[in-house]
Amino acid sequence: MNRHSYKAWLYLLPALIFLIVFLVYPLFDVFIYSLEESYNFASQTYTGIGSYNYEYVLHDPYFIQAVQNTFILVIITVPISTILALIISLGLSSIKALRNLYQTIYFLPYVTNTLAVGLVFMILFQKTEYSIGLVNMFLSLFDISSIDFINGPYWAKMFVLCFYTIWTVLPFKILVLTGALASVNEDYYKAAKIDGASKWRIFSKITLPMISPMLFYLVITGFIGAFKAYSDAIALFGTNLNASGMNTIVGYVYDMLYGTSGGYPSYASSAAIILFVIVLTITCINLLVSKKYVHY
Amino acid sequence: MKICLENVTKIFAKSGKNGQEVKAVDDFNLVIPDGELIGLLGPSGCGKSTTLNMLCGLEEPSLGKIYFGDEDVTNMPPELRQVGMVFQNYALYPHLSVRKNILFPLENLKKEKKLSKKEMEDRLNNVANLVQISDLLERKPKELSGGQQQRVAIARALVKMPNVLLLDEPLSNLDARLRLNTREEIRKIQRATKITTIFVTHDQEEAMSISDQIVVMKDGKIQQVGRPQEVYDNPINLFVAKFLGNPPINVFEGKIIDGGLYILNQKVLDGYKINNQDVIVAIRPEGFIVDDNGSFIANKQSLEVMGREISVVANNDACVTKTFRALVQGEDIAKLAKEDIHFKLKRNKVFIFDKVDERRLNDE
């Protein structure tokens with residue numbers, strides 16, 4: 001190790017210390033909790049060591065429901081929101097007039113609070129004794145009988161959750177992608193035009209590869225974000241997510257720690273570790289796939 | 001293919017609050033014979049790039065017509081014009097290998113023009129041989145040097161066998177030595193392919209060295225068109241005289257009195273058929289001869305010895321710049337010891353311009 005790398009390590013040290021104290025150590029600790037049966041925070045005692053917590057969690061119908069919900073959420077919202085954001089960004093970058101106005105409008109949802117947006121969604125979708133809600137009113141125009149999206153059937157609730165998630169993640173993605181599109185040098189398009197490339201070929205062979213690093217960034221963070229979704233479900237369906245069948249994995253962890261069924265740090269830890277493994281696996285797959293399609 | 005531009009004008013609309021209409025190209029008339037290499041030359045903002053863009057179809061002229069051969073291409077979209085273009089920054093697609101970059105234009109061809117794999121491969125190999133990049137085909141653009149990228153860009157422009165090859169500042173991203181090689185290379189490739197080629201540059205040396213004809217532009221207007229040597233020897237106005245030549249031409253204030261040319265009340269040359277008036281005199285650096293009987297007197301500032309010749313930096317009160325530069329033979333060094341140096345002037349290196357509109361005054 002030469003003098004220069006000593007210095008480099010020294011500069012990295014502060015960040016490294018914080019990472020170790022607040023990330024690596026707790027992760028390690030959580031892993032240990034997850035192996036300790038019936039761990040009790042107050043008395044710091046446990047009854048045994050083994051894989052019992054994992055067995056319990058994996059057989060818990062609430063957990064299975066939460067995993068299912070989370071996966072559906074991820075699989076539906078990540079591709080749809082990314083593609084939608086791409087289409088909107090392409091639209092935005094191909095207009096000149098009012099572009100700034102539209103950009104601002106599309107970015108507005110990003111600065112509004114999750115719970116506030118959730119409230120708005122509830123008003124739009126919920127069916128109460130007094131009103132069937134705006135969306136149902138709209139549906140009734142097409143002779144579709146009213147559906148309770150908030151307390152009704154599972155698919156209706158899932159639809160609202162996905163809709164809501166896409167709605168909230170869209171602004172940031174649009175922001176990133178309009179930036180990425182604007183940074184592509186005009187000369188590439190000119191060159192392609194002179195060479196007679198069709199619009200589709202220009203898009204697929206030039207635009208897409210050029211913005212692929214940003215797209216990839218959005219897909220990875222989208223996956224991770226969706227796997228960690230929790231507040232969205234709370235905003236729509238209230239805190240008792242198990243009862244409404246709309247819990248997510250993070251929601252399950254929270255419930256195990258503090259919820260009505262709370263006080264089970266061992267189960268919570270196992271669920272958290274399982275989530276960690278899932279996210280890690282998916283991210284690794286993403287990285288492997290990206291090697292082929294992302295051009296830096 | 002012969003190219004003809006008739007009264008081509010490009011006006012850009014106002015932009016911004018206090019924006020003004022900009023006439024980027026103003027009544028451009030030019031006939032480019034088949035197979036020639038033409039250099040569009042001018043300072044930045046003179047409209048040369050806009051002209052190039054109108055030739056390739058990225059911009060449409062506001063007025064006027066453009067013909068390729070007999071075909072009117074004024075409003076034809078770029079993809080139908082059969083032009084190859086090399087951009088200043090080369091615009092090589094960074095995510096594609098050299099091979100794929102070059103094949104890109106061929107893969108765009110549709111229907112009856114569509115080529116088989118074999119034909120594409122043949123064309124690729126031909127053009128790669130021509131510009132000598134056959135061993136670089138699998139590399140990505142960023143793994144190439146500037147000169148190699150340049151060749152790839154030329155290959156990509158040539159592979160579709162265009163009627164016209166357009167080059168936008170082709171040498172400006174290369175270092176000085178590579179520039180010399182590359183311009184020779186461009187000349188050779190152009191000679192070999194016999195494609196009518198138009199290139200844009202702000203570097204007069206570049207334009208003069210390889211062009212069959214140069215077109216000097218200023219403020220959207222053509223100043224002068226001609227063979228490089230012709231334009232150099234016979235500039236039509238002061239701008240052209242100043243723009244061509246390195247070191248640049250020296251400019252002095254002078255007077256014509258009874259056919260004699262006076263600088264600082266000294267008669268330096270005689271026999272002009274120009275009416276008595278104040279004039280601008282421009283003298284090429286190589287137009288000075290050290291001669292003790294010479295009537296042009298300058299105050300020596302410094303000497304720059306370059307072996308074959310000596311550059312004398314001197315001043316003279318009639319000079320419009322602080323100092324001027326004279327190139328004299330290396331063997332004259334002994335005569336340059338004094339402070340005040342006397343010069344005789346070579347008549348064919350001295351140009352006289354109108355003081356008001358800076359147009360060349362003919363002495364015939």
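In which sense, left-handed or right-handed, does H4(B) pass H5(B)?

## About the model

This is a predicted model, in which local features need pLDDT of at least 70, side-chain atom pairs count only at pLDDT 80 or more, and totals for chains, interfaces and linings use all residues. Residues are numbered from 1 along each chain as its sequence is written, while chains are lettered from A and ligands numbered from 1 in the order in which they are written.

## The two chains

Chain A holds 13 helices and two strands, whereas chain B has eight helices and 20 strands. Here helices (H or I, at least four residues) and strands (E, at least two) are DSSP runs, numbered from the N terminus. The C-alpha trace of chain A spans about 75 × 75 × 30 Å along its principal axes; for chain B the spans are about 75 × 45 × 40 Å.

Of the 296 residues of chain A, 29% count as buried, and of the 364 residues of chain B, 40% do. A residue is buried if 20 or more other C-beta atoms lie within 10 Å of its own, exposed if 12 or fewer, and partly exposed in between, with C-beta atoms placed from the backbone. Two residues are in contact if their C-beta atoms, placed in that way, lie within 7 Å. Taking contacts between residues at least 6 apart in sequence, 68% in chain A join residues at least 24 apart; in chain B the share is 66%.

## Where the chains meet

The contact between the chains takes 14 residues from chain B and 13 residues from chain A. On the chain B side, strand E6 (83-86) and helix H2 (98-107) each supply at least two residues. By class, that side has ten nonpolar, three polar and one charged residues. Ala, Val, Leu, Ile, Met, Phe, Trp, Tyr, Cys and Pro count as nonpolar, Asp, Glu, Lys and Arg as charged, and the others, Gly among them, as polar.

## Back to the helix pair

Helix H4 (residues 146-158) and helix H5 (residues 176-193) of chain B have axes that come within 11 Å and cross at roughly 20°. H4(B) is therefore roughly parallel to H5(B), a label for angles under 35 degrees. Axes are lines fitted to C-alpha atoms, for helices over the stretch in contact, and angles run from 0 to 180 degrees between N-to-C directions.

As for the opening question, H4(B) passes H5(B) in a right-handed crossing, meaning that the near helix is turned clockwise from the far one by less than a right angle. Residues making the contact include B:Gly146, B:Gln150 and B:Leu158 of H4(B) and B:Leu178 and B:Thr193 of H5(B). The contact residues divide into four nonpolar, five polar and no charged.

## An open sheet in chain B

Five strands of chain B form an open antiparallel sheet in the order E15-E19-E16-E17-E18, where two strands pair if DSSP finds at least two bridges between them. E15 (288-290) and E18 (324-329) stand at the edges with a single partner strand each, so one side of each lacks a neighbour in the sheet. Neighbouring strands are turned by 55° against each other on average, direction ignored.

Inside this sheet, four bridges join E16 (residues 296-305) to E19 (residues 340-345) of chain B. B:Ala298 has B:Ile341 as its bridge partner in E19(B).

Key. Parallel < 35°, antiparallel > 145°, perpendicular 65-115°, else oblique.
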